[in-house]
6 protein chains.
Amino acid sequence: MHHESQSTPFPVSVYRKEHFNAAHRLHSPLLSDAENKVIFGKCNNPLYHGHNYELLVKVTGFVDPVTGYLMDTKLLSRIIEENVIEKLDHKNLNLEVEELKDTNPTCENIAIVIYDILRAKIKSDLKLKITLYETERNFVEYPGE
Amino acid sequence: MHHESQSTPFPVSVYRKEHFNAAHRLHSPLLSDAENKVIFGKCNNPLYHGHNYELLVKVTGFVDPVTGYLMDTKLLSRIIEENVIEKLDHKNLNLEVEELKDTNPTCENIAIVIYDILRAKIKSDLKLKITLYETERNFVEYPGE
Amino acid sequence: MHHESQSTPFPVSVYRKEHFNAAHRLHSPLLSDAENKVIFGKCNNPLYHGHNYELLVKVTGFVDPVTGYLMDTKLLSRIIEENVIEKLDHKNLNLEVEELKDTNPTCENIAIVIYDILRAKIKSDLKLKITLYETERNFVEYPGE
Amino acid sequence: MHHESQSTPFPVSVYRKEHFNAAHRLHSPLLSDAENKVIFGKCNNPLYHGHNYELLVKVTGFVDPVTGYLMDTKLLSRIIEENVIEKLDHKNLNLEVEELKDTNPTCENIAIVIYDILRAKIKSDLKLKITLYETERNFVEYPGE
Amino acid sequence: MHHESQSTPFPVSVYRKEHFNAAHRLHSPLLSDAENKVIFGKCNNPLYHGHNYELLVKVTGFVDPVTGYLMDTKLLSRIIEENVIEKLDHKNLNLEVEELKDTNPTCENIAIVIYDILRAKIKSDLKLKITLYETERNFVEYPGE
Amino acid sequence: MHHESQSTPFPVSVYRKEHFNAAHRLHSPLLSDAENKVIFGKCNNPLYHGHNYELLVKVTGFVDPVTGYLMDTKLLSRIIEENVIEKLDHKNLNLEVEELKDTNPTCENIAIVIYDILRAKIKSDLKLKITLYETERNFVEYPGE
């Protein structure tokens with residue numbers, strides 16, 4: 001394998017979009033039932049509601065001059081699938097996801113959990129950012145540190 | 001009010017799109033637990049999952065020559081909101097929706113329930129068709145009779 | 001030019017989507033000012049509002065066995081551009097479009113006007129249907145005769 | 001397995017969307033090189049160009065009263081995947097697809113080939129319709145017989 | 001109300017998308033009529049044209065460890081609705097919007113006006129960014145200071 | 001021409017989206033055929049595949065207080081059309097694009113080539129960023145220096 005060409009001097013970002021469907025209710029263990037009902041309204045329904053979540057993962061770094069890839073999106077897709085989608089897809093986020101059990105599964109908190117999971121799986125010299133769409137009109141972005 | 005112009009001789013259709021978020025599990029009361037698990041797989045999760053449903057309502061008839069409307073989409077939107085969205089939005093479709101309690105809340109059956117509800121609220125000389133998107137890639141159409 | 005192959009025995013439809021931006025107000029010349037205000041509400045604003053209209057044109061017929069085309073979409077696009085878009089784009093639909101001057105520029109009436117214009121330009125053995133999107137959530141379909 | 005409920009008396013349609021990426025050039029074996037160049041312009045480039053095709057498959061029939069499904073979309077997806085996507089995805093449609101070798105791979109002809117492949121795999125009491133998007137603005141619909 | 005958990009140490013952003021429809025013409029009071037006509041072309045039409053504007057509001061800050069919210073998107077939606085949408089929706093941007101009366105209602109200037117309105121209504125420890133889509137293919141982003 | 005108003009003190013960004021269709025194969029001249037086949041899989045097909053590329057160009061700078069424009073999107077569109085789209089649309093990216101001939105036409109490398117072309121055509125006091133969508137779910141961002 002010959003490595004004679006050079007990388008561009010500036011970073012590039014690669015994005016990969018995946019999706020999952022899940023049930024949840026917004027309910028904070030740090031609030032009373034009455035407070036939860038006032039703050040979260042119909043999203044606090046104890047019998048749950050759900051969403052088609054769209055997950056956008058951004059990875060930033062330098063292009064490998066040999067392959068022309070920053071990161072193979074097929075590999076990125078597999079990492080997301082095995083570590084995030086299998087854990088969240090067709091699940092009840094309040095009851096079945098260890099990382100969310102003691103917290104409120106708001107879009108913010110789900111995004112942070114996904115970031116923490118993927119941060120451990122993506123090479124540390126690559127920056128990571130998570131965007132999580134709860135609906136087309138409500139979404140959250142978490143760039144970590 | 002003067003009615004001197006004439007309607008076009010051909011029917012027109014008006015579409016209105018609304019959305020709701022709900023939890024469900026696919027589970028037929030006519031099948032055993034084992035059969036349900038085989039047929040519906042992860043969609044049979046007893047702790048539910050959920051979707052952002054997009055609902056497209058099509059109404060067909062003749063344009064009123066005075067207003068230029070087949071039907072005011074603000075009115076159509078309000079009929080859908082009051083009769084369908086309030087009943088389904090942020091609900092558990094298996095447990096909280098009377099019309100779905102003895103059936104399996106597949107996209108097909110939800111679309112038929114929505115059709116039956118709206119058929120009773122839309123003037124009988126107007127044809128009605130329901131399209132219900134469970135995801136961007138899975139959807140169902142029910143044109144009734 | 002050799003014509004030795006055969007057409008499929010069943011019709012095919014080709015769709016082409018174009019867009020235009022225009023101002024309008026909903027105001028029927030057959031209604032009093034007070035009636036117009038009640039029926040059309042904020043859409044009756046005498047100073048106009050506007051939309052990004054998306055226009056979808058469907059043409060149905062048999063595929064030419066020599067070219068493999070029902071109709072060249074570049075040609076269809078040009079016909080729409082020259083006859084519809086040039087007439088409606090960046091215009092005031094109440095004041096500047098001859099075919100709409102004595103009517104109310106509802107989505108229904110604009111679709112019918114577009115159909116009539118294109119019907120005269122598309123070969124008569126091809127069926128034609130117009131879908132006009134006033135917004136992503138409000139649209140109209142006119143299949144003519 | 002108990003079959004005590006009844007199907008709705010009216011047909012329902014289920015849609016499933018899949019996608020594939022492919023290279024092609026528009027070039028009819030029934031036309032001379034000069035004719036091909038005039039008719040197909042830059043689409044006739046002998047070095048090919050390509051598209052992200054979106055394929056929408058519509059299946060129409062009666063809902064099974066036991067499962068609540070017309071047809072399991074996971075099954076429909078697998079049938080499309082195994083019979084259509086594996087054949088067309090990341091392929092050169094002019095050179096690598098047996099069913100298209102003696103024809104011009106227009107969107108119309110690709111849709112007809114897909115219909116014929118799937119017609120043999122979908123139960124004969126279900127109606128089938130193919131919509132194939134070459135771009136967001138150019139697409140074709142083939143409902144077969 | 002117990003506040004025992006801790007906020008994540010890194011900021012999160014929440015996005016909310018709203019829309020409005022309006023008429024405008026591009027015409028700068030600082031240019032002559034002839035200059036306006038040359039620079040803005042058909043967008044300078046004195047009888048106006050219009051758009052379906054999509055407005056994306058981004059708010060950045062720290063998640064409240066008790067609620068799991070950075071900011072309730074229902075509240076954010078209401079602030080946008082009451083302060084921006086009611087002012088701009090179904091309006092003539094040149095004639096009816098005080099903040100735009102002495103300026104040219106380009107997408108840039110409308111975005112800046114929206115930013116200034118919302119900046120006064122969003123808590124000062126939250127960063128704000130406005131993205132305004134005039135069409136799907138033309139849009140503007142304004143992050144303020 | 002009178003220049004009496006003042007620019008906002010903060011930068012604004014204008015976005016313009018264009019598209020092109022092209023064929024390519026992923027194949028690095030710095031790797032052996034066997035290595036290329038392992039790394040790029042079906043994307044290495046020697047007979048090519050293709051995509052509908054969506055290209056988003058972001059330009060950042062200060063609004064001209066006289067016109068209210070950062071940059072006329074009609075002009076930006078023309079610059080992209082004449083310098084990028086004409087070069088790439090309906091082309092084979094491996095064989096027909098000078099700037100890509102000695103490299104692997106990954107989404108990363110195409111984005112960098114587009115950046116370099118446009119950087120020479122956009123005024124140097126304006127910042128430039130390229131986003132290139134290979135599919136709806138795979139895309140790349142290149143902000144240059």
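Author: Here is a chat about how some of the chains meet, followed by a look at a few single residues.

Reader: What kind of model is this, and how are things numbered?

Author: This is a predicted model, where local features need pLDDT of at least 70, side-chain atom pairs count only at pLDDT 80 or more, and totals for chains, interfaces and linings use all residues. Residues are numbered from 1 along each chain as its sequence is written, chains are lettered from A and ligands numbered from 1 in the order in which they are written, and side-chain values use heavy atoms, with hydrogens and water left out.

Reader: OK, chain D and chain F. How many residues does each put into the contact?

Author: Chain D brings 22 residues and chain F brings 22 residues. Contact here means heavy atoms within 4.5 Å.

Reader: And how much area do chain D and chain F bury?

Author: About 1700 Å² between them, with 52% of it on carbon and sulfur atoms. On the chain D side, L47(D), N52(D) and H90(D) supply 34% of the area buried against chain F, more than any other three residues. Buried area is the accessible area (1.4 Å probe) that two parts lose on being put together, summed over both.

Reader: How many salt bridges are there across chain D and chain F?

Author: The rule finds 2 salt bridges across that interface. A salt bridge is a side-chain nitrogen of Lys or Arg within 4 Å of a carboxyl oxygen of Asp or Glu. K42(D) and D89(F) meet in a salt bridge through their side chains, at 2.7 Å from N to O.

Reader: How many residue pairs are in polar contact there?

Author: Between chain D and chain F, 15 residue pairs are in polar contact, both residues being at pLDDT 80 or more. A polar contact is a pair of N or O atoms within 3.5 Å; within protein, one must be able to donate a hydrogen and the other to accept it, and residues adjacent in sequence count only if both atoms are side-chain atoms.

Reader: Which strands of chain D supply at least two residues each to the side that touches chain F?

Author: They are β1 (12–24), β2 (49–61) and β3 (91–92) of chain D. β2(D) gives the most to that side, with 5 residues. Helices (H or I, at least four residues) and strands (E, at least two) are DSSP runs, numbered from the N terminus.

Reader: What rotation superposes chain D on chain F?

Author: A rotation of 180° with 0.0 Å of shift along its axis, giving an RMSD of 0.0 Å. That is the relation of a two-fold axis. Copies are superposed by least squares on the C-alpha atoms of residues with pLDDT of at least 70 in both. Also, 100% of the interface residues of chain D are interface residues in chain F too, so the copies meet through the same surface.

Reader: New topic: what about chain B and chain A?

Author: Chain B and chain A bury about 1700 Å² between them, 52% of it on carbon and sulfur atoms. K42(A) forms a salt bridge with D89(B), and the closest N and O atoms are 2.6 Å apart.

Reader: How far apart are the nearest C-alpha atoms of chain B and chain E?

Author: They are 14 Å apart, and chain B and chain E do not touch. No contact joins chain C and chain F either, with their closest C-alpha atoms 14 Å apart.

Reader: Now single residues. Is T60(C) buried or exposed?

Author: T60(C) counts as buried, at 17% relative accessibility. Buried means under 20% relative accessible area, exposed over 50%, partly exposed in between (1.4 Å probe, protein chains only). T60(C) lies in strand β2 (residues 49–61) of chain C, and its side chain makes a polar contact with the side chain of S13(C) at 2.7 Å.

Reader: And K127(E), buried or exposed?

Author: K127(E) is exposed, with a relative accessible area of 58%. K127(E) sits in strand β4 (residues 127–133) of chain E. K127(E) and G61(E) are 66 residues apart in sequence and 6.6 Å apart in space, C-alpha to C-alpha.

Reader: Last one: where is N36(A) found?

Author: N36(A) is in helix α1 (residues 33–40) of chain A. N36(A) counts as buried, at 0% relative accessibility. Not counting residues up to four places away in sequence, N36(A) touches residues including L26(A), H27(A) and N44(A).
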